[in-house]
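User: I would like a close look at one part of this model. Please keep it brisk.

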Amino acid sequence: MALVFQYGSNCLESQINSKDRLCGDAKFIDIAETVDDFQLAFDVWSTNRQCAASDIVASPRNKVWGALYDVPDFLIGRKTAAAQNRKSLDAIEGEGANYKRETIAVRRDDGPIVTALTYRVQNPKLDLKTNLKYV
């Protein structure tokens with residue numbers, strides 16, 4: 001199993017586990033905050049939602065809270081998920097296109113620091129608009 005730190009709309013278990021995403025295979029573990037200094041930004045365009053989507057960007061003295069999930073290892077990469085006729089988290093998150101998979105340190109709500117996978121925007125854009133329908 002892989003620990004995955006999700007922020008923004010993927011904090012919702014119903015979002016990450018919907019039938020067009022991980023189909024209930026992501027297990028919520030805890031809430032967590034970034035150890036390094038980040039803030040939430042909306043700096044990438046979502047073609048599905050036709051609005052800006054979230055990212056975490058370096059920002060002194062700020063933390064981002066999110067959800068920590070346990071995700072089966074085979075669902076992370078495209079090849080291993082496809083071998084079992086499943087959609088991978090990399091594909092869902094647009095890894096290699098809009099986002100890049102990274103490992104970061106997060107502090108669980110109950111105290112311990114753990115490393116987790118997350119996705120950050122590769123080429124941020126300024127002045128994008130969010131959509132109230134998805135806020």
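How many residues line the largest pocket, and which of them lie nearest its centre?

Analyst: First, the ground rules. This is a predicted model, where local features need pLDDT of at least 70, side-chain atom pairs count only at pLDDT 80 or more, and totals for chains, interfaces and linings use all residues. Numbering starts from 1 along each chain as its sequence is written, and side-chain values use heavy atoms, with hydrogens and water left out.

The largest pocket is lined by 35 residues. Ser9, Arg21, Ser46, Arg49 and Ala53 lie nearest its centre. A pocket here is an open set of points on a 1 Å grid over the protein atoms alone, where a 1.4 Å probe fits, with protein on both sides within 12 Å along at least five of seven lines; lining residues have an atom within 4 Å of a point. Its space is about 840 Å³, a volume filled by probe spheres set on the points, which are joined across faces, edges and corners.

Strand S1 (2-6), helix H1 (13-16), strand S3 (38-46), strand S4 (51-58) and helix H3 (89-93) each give two or more residues to the lining. Helices (H or I, at least four residues) and strands (E, at least two) are DSSP runs, numbered from the N terminus.

By type, the lining divides into 15 nonpolar, 15 polar and 5 charged residues. Nonpolar covers Ala, Val, Leu, Ile, Met, Phe, Trp, Tyr, Cys and Pro; charged covers Asp, Glu, Lys and Arg; the others, Gly among them, are polar.
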